[in-house]
Amino acid sequence: MRKLLMVAIVLLNIHAYSQKPAGIPDYGTITPEDIALKVCDFDPDADAVVLYDYAVAVPGSNYELITERRVKIKILKESGIERGNIVIPYYSKGDFESIAAIEGYVYTISSEGYPTRTSLDKKSIFRKQENDFYSTVKIAMPNVRVGSIIEYKYEDTKRSYSGLDEWEFQTDMPTLISHYHLTILPSVAFQYRVKKSPFLPIAIKPMPDEGKISFEMKNIASLRDEPLMDSKEDYRQKVVFQLAEYRNSFGTLQKYATSWEELARELNSSEYFGKEVYRNVPGADALIKEAKSIADPYSRMLFVYNYIRKNFAHDGYGSRYASETMKRIWDKKTGNDGCLNILLVNLLKEAGLDTEPVLVSERRHGKVDPSYPFEDQFNKTVSMTLINGRPYFLDAIDYKTPIGLISYQLLNTTGFVVSRKKPMLIKLADSEHSIKNFIGIQSTIDKTGLLSGQVSISSYDYAKINKQLTLATKGMETYKNRYLLKDNTALKIDSLKFKNENSDSLPLEQAFDFSLAPSVNGDYLIYDLNLFTEFYKNEFVSKVRFTDINFVTNNILAYTQVITTPSDFKPETLPKSMTLQMPDKSIVFTRTVNRDAATNQIVIRYRLDFTRFVFVATEYPTIQDFYKKMIDLMNEPLVLKVVN
């Protein structure tokens, strides 16, 4: 269930704190239930549990946003002891946010059941500036062990209500009670939306006569990483706020976007977005003149795009806005990704191309809900240029994705075209390209039983991009371990060579030699047939799953291995040829195995095809069963017997 309501404030006299809800005892007290708790019954694998997370947010005397927060945690397992190291991030740029009034204690329970309280030493509180925008407060709680009960509290002050963002009911620990109580300024109105599972109830208590609203959820399981899940933010139980109205000091009511059309108008009139898109860039006249001399629109787009990528540097910061003017970015040749992409849109427009800025949400940031025109759903801006009706999505800081392909982090996500004429939500989809790997192996078994040969792998489209990104960011050893060796210490590779790394149109070619000693059992030699694929271990091993499965795009694997054996090495039994498929044929796996006795050759072929790449959580048992059977088939060995 999701709701969108307006919280309108009419009273000037605001009470600072609400009455505590049931289940939240006074600070510094523990209960027999706290002591007795040994396992979280709705999340039994948890190593710690949040007994309550309680916050009250009120305006200060200068209309700042002041939040008093209390958190109480019970340590259940040895692995949970590290939960005693508390980290509180805050937005410190320009002293916008500060953390103060930190207190805490730890109750340790003896074997006889008696609690001993140790208070937090101020010397165990550390502050660190992480970057130009954020700092952290780190708290080392004392004497934490299994069974300890930790409670801490602090005061968070933001300089204005513009810092009101969201309240997260769910973390990586299960939570018994999460309660958020908000008092709004008399001059402001907010929209909010609740993102939660339909199976988890929420108590929402609006108090419009008092200018307050409270939210409470109970018994929320932890949110953990699951294989091939989307962003955690797509599944986290939370309430998100966005400013809707504000009455300024002159009494004028200023409204904020409540529809996608209004959001586009607001962004296009913004100094940090639309005005920089259309503003002339001093110094760029020569570039624009040269670009306009290129008749072919595609070549013109490529010229401008490559100029930005070659001559401007990313400063490492992310933003969907232009934090500086285009003139300053042009002069210093560096900026955050918002600046560089808005500059790219500007120059493409100036070059006479049909280009618009597009707000996007990278997969790790979370899905966009079309029902809510909240700009905070997006974390980035890219450009979209239409040529002969085909959209090209370009990111000024993406140096790996070829033109014509959508960045992997944006593939099959939703974007918002911030157009003056026709703003709209669009799907960043690509039905032409997928993850494609073709593997060919020519190998021979010698008289000693050693399997060796040559391997050729051709990786297309997103398979190529992902491999190149691994090489660029993680290095050769990580690449080998991830894509080739699969933790097999008996497998050796050498003479690895790459081709077409710098070609946008050709596949990434990988060629190398390999050798593999068999496992020996008496007269039998056992060989691994599943070599150099990424499908050797079943990722879906959990009994239950809470999140959808997203393979991002379709996947094609074509694998052929030819093994020539000595004449006196005979197969005990050959793996059988067979086909495995999902009930709706969305995934089909085929294995064929043939032997030519005249040439002593064995040919193994695997073929894997995806025609659908998103599976909802309720389909998990079917996916889990399919993957178990498929991986078992691919890992079925070849067994040869030495015949004297």
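Mentor: Let us begin with Asn268, whose place is in helix 2 (residues 260-268), where helices are DSSP runs of H or I with at least four residues, strands are runs of E with at least two, and both are numbered from the N terminus. The model is a predicted one, in which local features need pLDDT of at least 70 and side-chain atom pairs count only at pLDDT 80 or more, while totals for chains, interfaces and linings use all residues. Residues are numbered from 1 along each chain as its sequence is written, and side-chain values use heavy atoms, with hydrogens and water left out.

Trainee: Which residues is Asn268 in contact with, leaving aside its neighbours within four places in sequence?

Mentor: Contact means heavy atoms within 4.5 Å, and with those neighbours left aside Asn268 is in contact with Gly274, Lys275, Tyr278, Val418, Ser419 and Arg420. Of these, Val418 is 150 residues from Asn268 along the chain, yet their C-alpha atoms are separated by 7.3 Å.

Trainee: What makes Arg83 buried or exposed?

Mentor: Arg83 is found in the loop between strand 3 (65-75) and strand 4, and because its relative accessibility is 18%, Arg83 counts as buried. Not counting residues up to four places away in sequence, Arg83 touches Asp47, Ala48, Ile75, Ile150, Asp172 and Met173.

Trainee: Which residues meet where helix 4 packs against helix 5?

Mentor: From helix 4 come Leu287, Glu290, Ala291 and Lys292, and these meet Arg300, Phe303, Val304 and Tyr307 of helix 5. The residues of this contact divide into five nonpolar, no polar and three charged, where Ala, Val, Leu, Ile, Met, Phe, Trp, Tyr, Cys and Pro count as nonpolar, Asp, Glu, Lys and Arg as charged, and the others, Gly among them, as polar.

Trainee: What makes helix 8 oblique to helix 9?

Mentor: Helix 8 and helix 9 pack at an angle of about 140 degrees, with their axes 7 Å apart, and that angle makes helix 8 oblique to helix 9. The contact is made by Asn466, Lys467, Thr470, Leu471 and Lys474 of helix 8 and Met476, Thr478, Tyr479, Arg482 and Tyr483 of helix 9, a set that divides into four nonpolar, three polar and three charged.

Trainee: Why do strand 4 and strand 7 stand at the edges of their sheet?

Mentor: Three strands form this open sheet in the order 4-8-7, with antiparallel pairing, and two strands pair if DSSP finds at least two bridges between them. Strand 4 (85-91) and strand 7 (125-129) each have a single partner strand, so one side of each is left without a neighbour in the sheet. Seven bridges join strand 4 to strand 8 (residues 134-140), and these two run antiparallel; Val87 stands opposite Lys138 in strand 8.

Trainee: How do you know whether Val552 is buried or exposed?

Mentor: Val552 lies in the loop between strand 30 (549-550) and strand 31 (555-564), and because its relative accessible area is 7%, Val552 is buried. Val552 also has a positive phi of about 75 degrees although it is not a glycine, and in general most residues other than glycine have a negative phi.

How values were computed
Buried means under 20% relative accessible area, exposed over 50%, partly exposed in between (1.4 Å probe, protein chains only). Axes are lines fitted to C-alpha atoms, for helices over the stretch in contact, and angles run from 0 to 180 degrees between N-to-C directions. Angles under 35 degrees count as roughly parallel, over 145 as roughly antiparallel, 65 to 115 as roughly perpendicular and the rest as oblique.
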